[in-house]
Amino acid sequence: MALSLSSAPVSLPSRSVVTLRLNTKQTVGFAKNGGSDLFLKRKAFIRVGMAVALNFSRFESVTMAPPDPILGVSEAFKADTNDLKLNLGVGAYRTEELQPYVLNVVKKAENLMLEKGENKEYLPIEGLAAFNKVTAELLLGADNPVIQQGKVATVQGLSGTGSLRLAAAFIQRYFPAAKALISSPTWGNHKNIFNDARVPWSEYRYYDPRTVGLDFDGMIADIKAAPDGSFVVLHGCAHNPTGIDPTPEQWEELADIIQEKNHIPFFDVAYQGFASGNLDADAFSVRMFVQRGLEVLVAQSYSKNLGLYAERIGAINVVCSSPDVADRVKSQLKRLARPMYSNPPVHGARIVANVVGDPTLFSEWKDEMEEMAGRIKNVRQRLYDSLSQKDKSGKDWSFILRQIGMFSFTGLNKAQSDNMTNKWHVYMTKDGRISLAGLSLSKCEYLADAIIDSFHNVS
């Protein structure tokens, strides 16, 4: 079709929709030419508005992405109208009434921020200085020599995920030939992060389905077999999804192998203080590696231990061999962050700085954290008791008590996990992981019935 406004014709794609608005009281003549051309002959000024809507898209090749395996569980849970439904998919803490919980110490920190009347100006690329200081001290210990000597490069990140992603971009740029080693299984987003950063990765054995425990021999063998100088991704505490951690002696042996192979340990610390209820105990693995003089990367998150899920507050820490190296590493992390997100948000950073930096609030936080961790431990014990009492097959469920943190790896396969959802309205990830943080004591018997039925009656 061609459109002419008493001048040169305008060509349009076929099968186009043309809308003409004519602002005139004069006669307008129309003529057809072969049924496809339209000519306008005007005798007065005509205002013409034309909108062309095409029935094809430049984005036709874009396919539908699969639903997120974890966040998609919550969407399915919301759509379920059954009163017995349980959401054990997403790792978010709930009260005994299964309601979201904002820590009292967080409310106090926010009130302090309001009283100070702090502004909303941009932060530096590396984030809030007060936050970076206290977060490194919380992780490594305020009296740690590497902090006192300025050997730690800390950059505020977008929680644990953003901090991992920033570090992955750093690896890709400065260690392009290196590979990341991740546990099998691991947190679902680890693979996405390294894939998007174009960092090649492979898996090392971790979970032993026969014992529902740690395959330590397989882990050691795979880390030994990896190319020298690989980045070994380790869960600092409360391994996600299994809840299975190495013993202190096993951590020491892992450090020996990593040091021998010239690997670089890359810790993901998402649950410090939330696993055992003790901040120092949950930092044992990281501090031991640092004490040995190894250079390490550590991603931190405050989503779980301070309940700051939506604030997206965390950090990437790189412990280096000298202050000069730390300065250079930090400069390059900032350089990578600038085109990614420019600078991080301030609200969550100020909450952490106020809580960790104030002795009174810090003490209150430790009490609240211990209370949250204690509730999860009680739920874990009640679930084990219910399974042991109800299951008459003689199966040993004690692996549940040997696991730690907010998750339990049930050992259920995909078909059995599907039965948990389809029959019992228990929503969980398909690898058999359940979040005990989303379970109440009163629901443990119901969950035990669902697990026993799925384990024994679904192959």
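User: I'd like to learn to read this structure, starting with one residue. Is C320 buried or exposed?

Analyst: Look at its relative accessible area. A residue under 20% counts as buried. C320 comes out at 6%, so it is buried. Keep in mind that this is a predicted model, so each value here is computed from the predicted atoms.

User: And what about C237, buried or exposed?

Analyst: C237 counts as buried too, because its relative accessibility is 5%.

User: How many disulfides does a search of the whole structure find?

Analyst: First the general idea: a disulfide is a covalent bond between the sulfur atoms of two cysteines. In this structure, the search finds zero of them.

User: Let's zoom out. What does the secondary structure of the chain come to?

Analyst: Count the runs of helix and strand. Here they come to 16 helices and 17 strands. The chain has 459 residues, and 49% of them count as buried.

User: Which residues have the most contacts inside the largest nonpolar core?

Analyst: To read a core, look for buried nonpolar residues joined through their side chains. The largest one has 95 residues, and F289, L306, W365 and L383 have the most contacts inside it. Helix α13, residues 359–390, gives this core its largest share, eight residues. There is also a second, separate core of 33 residues, with A168, A178, I193 and F194 among them.

User: Let me pick one of those. What is L383 in contact with, leaving aside its neighbours within four places in sequence?

Analyst: Setting those neighbours aside, L383 touches I400, I434, L436, C444, L447, A448 and I451.

User: Now helix pairs. At what angle do α8 and α10 pack?

Analyst: For a pair, read the angle and the distance between the axes. Helix α8 (residues 248–260) and helix α10 (residues 284–291) pack at about 40 degrees, with axes 10 Å apart. That angle makes α8 oblique to α10. The crossing of the two is right-handed. On the α8 side the contact is made by P248, W251, E252, L254, A255 and I258, and on the α10 side by F284, S285, M288 and F289.

User: Why is α10 described as largely enclosed by the rest of the structure?

Analyst: Check its residues one by one for burial. Six of the eight residues of α10 are buried, so the helix is largely enclosed. The buried ones are S285, V286, R287, M288, F289 and V290. After α10 comes G293, with a positive phi near 90 degrees.

User: Which way do α2 and α13 run, roughly parallel or roughly antiparallel?

Analyst: The angle decides it: over 145 degrees counts as roughly antiparallel. The axes of helix α2 (residues 104–116) and α13 come within 9 Å and cross at roughly 155 degrees, and the two helices are therefore roughly antiparallel. N104, V105, K108 and L112 of α2 meet L361, E364, W365 and E368 of α13.

User: Is G243 buried or exposed?

Analyst: G243 lies in the loop between β11 (231–235) and α8. Its relative accessible area is 0%, so G243 is buried. Beyond its sequence neighbours within four places, G243 contacts R402, Q403, I404 and F407.

User: Where is V212 found, and is V212 buried or exposed?

Analyst: V212 is in the loop between β9 (207–208) and β10 (213–214). Its phi is positive, about 50 degrees, although V212 is not a glycine. With a relative accessible area of 11%, V212 is buried. N262, in the loop between α8 and β12 (264–269), also has a positive phi, near 60 degrees, and is not a glycine. N262, however, is exposed, at 56% relative accessible area.

Key: Residues are numbered from 1 along each chain as its sequence is written. This is a predicted model: local features need pLDDT of at least 70, side-chain atom pairs count only at pLDDT 80 or more; totals for chains, interfaces and linings use all residues. Side-chain values use heavy atoms; hydrogens and water are left out. A disulfide is a pair of cysteine sulfur atoms within 2.5 Å. Buried means under 20% relative accessible area, exposed over 50%, partly exposed in between (1.4 Å probe, protein chains only). A nonpolar core is a set of buried Ala, Val, Leu, Ile, Met, Phe, Trp, Tyr and Cys residues joined through side-chain atoms within 4.5 Å. Helices (H or I, at least four residues) and strands (E, at least two) are DSSP runs, numbered from the N terminus. Contact means heavy atoms within 4.5 Å. Axes are lines fitted to C-alpha atoms, for helices over the stretch in contact, and angles run from 0 to 180 degrees between N-to-C directions. Angles under 35 degrees count as roughly parallel, over 145 as roughly antiparallel, 65 to 115 as roughly perpendicular and the rest as oblique. A crossing is left-handed if the near helix is turned anticlockwise from the far one by less than a right angle, and right-handed if clockwise.
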